Amino acid sequence: MNVTLAILTLASTIATVMMAVTIYELDIAIKELNFESISATYEMMDDELKGQLRNIKSWKLQGLSAEEVLKDPKKLEAVREASKTLDRIGYFVYRDLVGDWFIQEQYAGLILDSFLAMKDYLKALRDSSECGDTSLSEREQAVCKKGPWFMRRFYLLLVVISYAYLCEKFPFQCESTFRRYGLKPQNPVPSEWLEQDVKKWLKKRGYGRHL
């Protein structure tokens, strides 16, 4: 009996040690993955992206319409590429590879400003891509245009968390950012544009009041 008890105790101890080692290794792996994701975020937020965003902002302040921007191949490409890069970063946040706090503290102002400048252009691009199928009826196209985005849905997530942070923590800077575009501070992402999984993520992390 004593031998059996000793064997069971030893087996339990070994299992506990192995589990501790496994958890430790997993924790290290997760930290390394998070570090790599943060490094990738810094790399994506490069001068090329910031240059694209400056150009888009200048078009908006000049009063260029979405139609004018989308008809110009170079301008269209800038909107497409800049928003694609920000969407990739949003995916890192959605998958918890990069903390929302990191994005908020490092880039909240840039992300909110980028969306206020790009919103009309990006909406037209998204509608053309997702709702422009000629097989859809006019009613179906209208419903699609008001519905959730598949394209750039993680960029929208970034905008919501950036708005929440900037406008709660730094109301003066928030108001100044909106005023630049002749707007008053309010969440620039309509709730109906947000896909259900993105909404669920935002609610789970305390952003439900902004939906």
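**View 1. Lining of the largest pocket.** Helix α5 (residues 100-131) gives the largest share of the lining of the largest pocket, namely four residues, where helices are DSSP runs of H or I with at least four residues, numbered from the N terminus. The model is predicted, with local features needing pLDDT of at least 70 and side-chain atom pairs counting only at pLDDT 80 or more, while totals for chains, interfaces and linings use all residues. Residues are numbered from 1 along each chain as its sequence is written, and side-chain values use heavy atoms, without hydrogens and water. The lining includes Lys60, Phe115, Leu116, Lys119, Asp120, Phe178 and Tyr181, and its residues divide into six nonpolar, two polar and four charged.

**View 2. Contact of α2 with α4.** The axes of helix α2 (residues 47-62) and helix α4 (residues 73-94) come within 9 Å and cross at roughly 125°, the axes being lines fitted to C-alpha atoms over the stretch in contact and the angles running from 0 to 180 degrees between N-to-C directions. The two helices are therefore oblique to each other, a term for angles that are not under 35 degrees (roughly parallel), over 145 (roughly antiparallel) or 65 to 115 (roughly perpendicular). In α2, Leu49, Gln52, Leu53, Ile56 and Trp59 meet Lys75, Ala78, Val79, Glu81, Ala82, Thr85 and Leu86 of α4, contact meaning heavy atoms within 4.5 Å. Eight nonpolar, two polar and two charged residues make up this contact.

**View 3. Contact of α4 with α5.** Helices α4 and α5 pack at an angle of about 140°, and their axes are 10 Å apart. Among the residues in contact are Leu76, Val79 and Arg80 in α4 and Asp100, Ile103 and Ile111 in α5; by class, the contact has 12 nonpolar, two polar and two charged residues.

Definitions and conventions:
Ala, Val, Leu, Ile, Met, Phe, Trp, Tyr, Cys and Pro count as nonpolar, Asp, Glu, Lys and Arg as charged, and the others, Gly among them, as polar. On a 1 Å grid over the protein atoms alone, a cavity is a set of points where a 1.4 Å probe fits but cannot get out, and a pocket is an open set with protein on both sides within 12 Å along at least five of seven lines; lining residues have an atom within 4 Å of a point.
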